[in-house]
Amino acid sequence: MSATDSYRDLTRTVSQNMASLRTSTPGVMKAFGELGRAATAPGALDSKTKELIALALGVAARCDACIGFHTQALVKLGATRQEVDETLGVATYMGGGPSLMYAANAVAAFDEAQRAASGTAT
């Protein structure tokens, strides 16, 4: 993803593109949604911690859409920039240089999501 692209636009596009999958494979998409809800539901770990883990995995897997979706969820869950930064530090430690490059993208995505949530212009 280039520096001029918007993670918000990316997640909208991916969501729109998934519409055909919801039509052609409704059982798979329903099951995937249920898996996501079950995996991120509060338990021994709260939902925010689970989303931080998901962000770290998105960085390690080099998934731009994952970064977009999980940073937006983290803003809704009240994550702080420091929590995101420390999560990205662990992702970088575990994933090396490639994870560092995606960690930088995740910071931009989180900041963008915070601005959007607060109504601040980009």
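Close-up 1. At 41% relative accessibility, glutamate 34 counts as partly exposed. Its side chain meets that of lysine 30 in a salt bridge, with 3.8 Å from N to O. This is a predicted model, so keep that in mind for every view here. Where do the two residues sit? Both belong to helix α2, which covers residues 26-40, and they are 4 residues apart, or about one turn of the helix. Lysine 30, for its part, has a relative accessibility of 55%, and that puts it in the exposed class.

**Close-up 2. Arginine 12 and aspartate 9 pair up in helix α1.** Here we've moved to helix α1, residues 7-24. Arginine 12 and aspartate 9 form a salt bridge, and their closest N and O atoms are 3.7 Å apart. The two residues are 3 positions from each other in the helix, so about one helical turn separates them. Are they buried or exposed, or something in between? Arginine 12 is partly exposed at 42% relative accessibility, and aspartate 9 is partly exposed with a relative accessible area of 42%.

Close-up 3. The side chains of arginine 81 and aspartate 111 come together in a salt bridge, 2.8 Å from N to O. Salt bridges with shared partners tie Arg81, Asp85 and Asp111 into one network. Arginine 81 has a relative accessible area of 33%, which makes it partly exposed. Aspartate 111 is partly exposed too, at 22% relative accessibility; buried would have meant under 20%. As a bit of background, side chains of opposite charge can pair when their charged atoms come close. How many salt bridges are there by this rule? The count comes to 5.

**Close-up 4. Looking into the largest pocket.** What is the volume of the largest pocket? It is about 1000 Å³. A total of 30 residues line this pocket, and those closest to its centre are Phe32, Gly36, Glu51, Phe69 and His70. Which helix gives the most? That's α2, with 8 residues in the lining of the largest pocket. Sorted by class, the lining has 17 nonpolar residues, 7 polar ones and 6 charged ones.

**Close-up 5. Stepping back to the protein chain.** After the details, here's the setting they belong to. The secondary structure of the protein chain comes to 5 helices and 0 strands, and the order from the N terminus on is α-α-α-α-α. The radius of gyration is 15 Å, close to the 14 Å that the globule rule gives for 122 residues, so the chain is as compact as a globular protein of that length. Taken along the principal axes, the C-alpha atoms fill a box of roughly 40 × 35 × 30 Å. Buried residues make up 30% of the 122 residues in the protein chain.

Technical notes:
Residues numbered from 1 in each chain as written. Predicted model: local features only at pLDDT ≥ 70, side-chain atom pairs only at ≥ 80, totals over all residues. Heavy atoms only, no water. Salt bridge = Lys/Arg side-chain N within 4 Å of Asp/Glu carboxyl O. Buried < 20%, exposed > 50% of the residue type's maximum accessible area, 1.4 Å probe, protein only. 1 Å grid on protein atoms, 1.4 Å probe; cavity = no way out; pocket = protein on both sides within 12 Å on 5 of 7 lines; lining within 4 Å. Points joined across faces, edges and corners; volume = space filled by probe spheres on them. Nonpolar A, V, L, I, M, F, W, Y, C, P; charged D, E, K, R; others polar. Rg over C-alpha atoms; globule rule 2.2 N^0.38 Å.
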